[in-house]
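Thanks for coming. I have one structure to go through today, and I will keep to a few places in it. Please have a look at it first.

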Amino acid sequence: MISIGIIILAYLLGSIPSGLIAGKARGIDIRQHGSGNLGATNTFRVLGVKAGIIVTLVDILKGTLATLLPFLLHQTDETHALVAGLAAVVGHMFPIFASFKGGKAVATSGGVLLGYVPLMFLVIVVVFLISLYITKYVSFSSIIAALTAFLYAIVFGGGDIPLIIVATLLAGFVIYRHRANIVRIKNKTEPKIKWL
């Protein structure tokens with residue numbers, strides 16, 4: 001049994017367009033600049049490092065809070081934590097508060113895993129940062145992190161089937177949302193970061 005109320009609340013949490021809010025606070029609609037995406041990467045590109053870090057943290061916490069909702073509301077028997085987290089990721093990608101055009105699911109997916117398996121989250125962050133340092137591609141590093149989450153769930157997940165399923169879905173979301181970036185990387189037209 002799934003609590004519809006928790007799923008809706010988790011989706012609404014995920015739908016909070018932190019990048020859009022950060023931009024509007026400075027009189028900028030980031031949808032009209034850079035890649036036009038509402039995620040943290042475009043926020044870094046358009047608004048700078050400080051705003052990018054804040055948006056990244058907020059997007060992570062959206063996923064974490066949504067994942068913890070069943071525990072906080074004492075409804076773990078009705079709704080699995082990862083189902084609530086998945087709803088937040090869907091909200092982040094298709095936010096009702098921003099015409100259903102959101103981010104690429106990376107930070108919020110990480111937040112879901114932080115709320116469910118903190119060690120897994122730390123491993124993914126380390127892999128992401130190492131990849132980013134070497135390649136300077138945020139998109140490529142995001143995909144590598146997503147695949148790491150998938151492999152971690154299978155190898156170290158202890159047979160946690162919901163974790164394996166959700167990690168697979170999250171990795172699929174991240175890769176699918178970065179399909180244009182993959183083409184640009186192949187064509188060597190994908191922009192690299194300059195601050196690391």
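This is a predicted model: local features need pLDDT of at least 70, side-chain atom pairs count only at pLDDT 80 or more; totals for chains, interfaces and linings use all residues.

What covers the buried residues of α9? The cover includes α5 (81–93), α6 (106–116), α7 (118–135), α8 (138–156) and α10 (179–186).

The buried residues in question are L163, V166, A167, L170, A171, V174 and R177. They sit on the same side of α9, because they cover an arc of only 140 degrees around the axis. As a reminder, an α-helix has 3.6 residues a turn, so residues three or four places apart point the same way. On the other side of α9, I161 and Y176 are exposed.

Next, the length of that helix. α9 runs over residues 161–177, which is 17 residues. At 1.5 Å a residue, α9 should span 24 Å, and its end C-alpha atoms are 24 Å apart, so the two values agree.

Now one of the covering helices, α6. How do the axes of α6 and α9 cross? They come within 10 Å, at an angle of roughly 165 degrees. Angles over 145 degrees count as roughly antiparallel, and that makes α6 roughly antiparallel to α9. The crossing of α6 and α9 is left-handed. On the α6 side, the contact is made by V106, S109, L113 and Y116, and on the α9 side by L163, L170 and V174. L163, L170 and V174 were also among the buried residues of α9.

Let me move to another part of the chain. T43 is in helix α3, residues 40–47. Is T43 buried or exposed? Its relative accessibility is 0%, so T43 counts as buried. What is T43 in contact with, leaving aside its neighbours within four places in sequence? The partners are G19, I30, L38, G48, A51, G52 and V55.

Last, two backbone angles. Most residues other than glycine have a negative phi. H74 is not a glycine, yet it has a positive phi of about 55 degrees. Where is H74? It lies in the loop between α4 (49–72) and α5. With a relative accessible area of 72%, H74 is exposed.

The second case is K188, in the segment after α10. K188 is not a glycine either, and its phi is positive, about 60 degrees. Its relative accessible area is 73%, so K188 counts as exposed.

That is what I had. I will take questions now.

Methods. Residues are numbered from 1 along each chain as its sequence is written. Side-chain values use heavy atoms; hydrogens and water are left out. Helices (H or I, at least four residues) and strands (E, at least two) are DSSP runs, numbered from the N terminus. The expected span of a helix is 1.5 Å times one less than its number of residues. Buried means under 20% relative accessible area, exposed over 50%, partly exposed in between (1.4 Å probe, protein chains only). The arc is that of the directions from the helix axis to the C-beta atoms. Contact means heavy atoms within 4.5 Å. Axes are lines fitted to C-alpha atoms, for helices over the stretch in contact, and angles run from 0 to 180 degrees between N-to-C directions. Angles under 35 degrees count as roughly parallel, over 145 as roughly antiparallel, 65 to 115 as roughly perpendicular and the rest as oblique. A crossing is left-handed if the near helix is turned anticlockwise from the far one by less than a right angle, and right-handed if clockwise.
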